[in-house]
Amino acid sequence: MDTPSIRSVLADGEVGARVTIEGWLRSARHSKGLSFLDVTDGSSMAGLQVVAPGELDNYDPEVRGLGTGAAVRVRGELVESPGKGQRVELRAQELEVVGDAADDYPLQKKRHSFEYLRTIAHLRPRTNTLAAVFRVRNVAARAIHRFFQERGFVWLHTPILTGADAEGAGELFEIEGGEAFFGRPTRLTVSGQLEAEIGALALRNVYAFGPTFRAENSNTSRHLAEFWMVEPEMAFCDLRGDTELAEAFLREVLTAILEECGEDMAFFDERIEKGVVASLEHIVKTPFEHMTYTEAVQRLEQSGEDFEHLVSWGADLQSEHERWLTETLVQKPLVVTDYPSAIKAFYMYANDDGRTVRAMDVLVPRIGEIVGGSQREHRHDVLAEKMKAQGLDLEEYGWYLELRRFGSVPHAGFGLGFERLVQFATGMANIRDVIPFPRVPGYAEF
Ligand code: ATP
Ligand code: MN
């Protein structure tokens, strides 16, 4: 804990300084009486080159026998590095093998497929790519909290075990024994929104940020059974204020990633998704495009594209439609608003046309929907009518309706899938590779 990170040694370590570092060997090359060890501690993409001379007491056989994956503590002197791409290297004066690695360590120098790496989720954070993903994830989470905290939003800790049901949000994981224990059916939350509304109607601006669960059997590259969701909710706010927040939010978080994860983003740009940095830089400085659902459907119908799913007013936009709109038509993030009420949840504010609601989705290239939000129905009678029409049990939602009787105000919010954001920022193709321990149909190991 008191030894400096390799990141800080690489950045600030002065030639001639004596330092001690700790980390794992990413590679080891032993020549006659001299060993070159690439040591990383996960703090940066670049490792520190350690040169271990044959004069070390334990050189033969200990240091000379070190292989990839072993953990070491090295004390030595920083010297100018003759190698290119690195300013300094560490000339070892003492090298302690803290934990040797057996010969069958699976992460040898060669590249492994992401599919294979998922089967060794206990070791994959040691790869360059996954370590970079988790660092970006961390910076994104910090930027999210900072964004809201600087604007006075209160982080509301919404429950994971819930008796409420954000109707229509997705399939539910029921809690076995929930009925016996709580006296009512309970499930894993699909969204913190309904609780966030409670918070907003007292604290004005709040946000939830935590795990949510969906038992949907969708084996896609953009769906997880457990994922993190960011859900701001604002009182005295309409759909316009909501989309403004979403736009400012995405811009700020992506900017933070570009500024604070330069080394990792350069890696993603080179190895994972060519041009990802330029595309993010473009996105953070260009205003998003806006269009109603009705207009989006017209554009899709006129596109001349041969979509797999038919486009027609009243049907939900499929991923292929979303991607065409944002990637091909406008070539930037697109906010689609005013969806048909029939395809959206009951709590969305009904427009005067009687057939659309004040919903908005933010669509981005490569991903499609990244944010889904709405102005909420705050008019008691309109809400009650709609719930009845949809066959919902008004008793079940008693508290939700009651909020509309005591100082109800226009309010709005959105949900952003945190992993989709990380996927978008890094260019990673599969959402399973941007969360440390993915849960998907048929798989919950680790
Ligand atoms: P989709 O149509 O893509 O399945 P949705 O409309 O069901 O998403 P919402 O209920 O609007 O999703 O959830 C809000 C946000 O949460 C979405 O915009 C998306 O970013 C994210 N999200 C939804 N479902 C998942 C999932 N299974 N895995 C990861 N992120 C998800
Ligand atoms: Mn949605």
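## Domains and their interface

A salt bridge here is a side-chain nitrogen of Lys or Arg within 4 Å of a carboxyl oxygen of Asp or Glu. Between domain 1 and domain 2 of this predicted model, the count of such pairs is zero. Polar contacts do occur there: four residue pairs link domain 1 and domain 2 in this way, both residues at pLDDT 80 or more. On the side of domain 1 that touches domain 2, three residues are nonpolar, four are polar and two are charged.

The protein chain splits into domain 1, residues 6-99, and domain 2, residues 124-433. Nine residues of domain 1 and eight residues of domain 2 make the contact. The domain centres, taken over C-alpha atoms, are 45 Å apart. How much area do domain 1 and domain 2 bury between them? The figure is about 660 Å², with 47% of it on carbon and sulfur atoms.

## The eight-stranded sheet

Eight strands build an open sheet with mixed pairing. Their order is β6-β9-β10-β15-β14-β13-β12-β11. Which strands stand at the edges? They are β6 (154-155) and β11 (289-292). Each has a single partner strand, so one side of each lacks a neighbour in the sheet.

Further in, β12 (residues 334-340) pairs with β13 (residues 356-364). The sense is antiparallel, and six bridges join the two strands. Leu334 sits opposite Leu363 of β13.

## Salt bridges

Across the model, the salt bridge count comes to 28. One joins the side chains of Asp264 and Arg135, at 2.9 Å from N to O. Which parts does this pair tie together? Asp264 belongs to helix α7 (residues 262-272), and Arg135 to helix α3 (residues 128-150). The pair therefore ties together parts that lie 129 residues apart in sequence.

## Backbone exceptions

Most residues other than glycine have a negative phi, and most peptide bonds are trans. Two sites depart from these patterns.

The peptide bond from Asp60 to Pro61 is cis, with omega near 10°. Where is Pro61 found? Pro61 is in the loop between β3 (48-53) and β4 (71-80).

Phe236 has a positive phi, near 55°, although the residue is not glycine. Phe236 is in the loop that runs between β10 (226-235) and α6 (239-260). Strand β10 is also a member of the open sheet, placed between β9 and β15 in its order.

Terms used:
Residues are numbered from 1 along each chain as its sequence is written. Chains are lettered from A and ligands numbered from 1 in the order in which they are written. This is a predicted model: local features need pLDDT of at least 70, side-chain atom pairs count only at pLDDT 80 or more; totals for chains, interfaces and linings use all residues. Side-chain values use heavy atoms; hydrogens and water are left out. Domain bounds come from an automatic or database domain assignment. Contact means heavy atoms within 4.5 Å. Buried area is the accessible area (1.4 Å probe) that two parts lose on being put together, summed over both. A polar contact is a pair of N or O atoms within 3.5 Å; within protein, one must be able to donate a hydrogen and the other to accept it, and residues adjacent in sequence count only if both atoms are side-chain atoms. Ala, Val, Leu, Ile, Met, Phe, Trp, Tyr, Cys and Pro count as nonpolar, Asp, Glu, Lys and Arg as charged, and the others, Gly among them, as polar. Two strands pair if DSSP finds at least two bridges between them. Helices (H or I, at least four residues) and strands (E, at least two) are DSSP runs, numbered from the N terminus.
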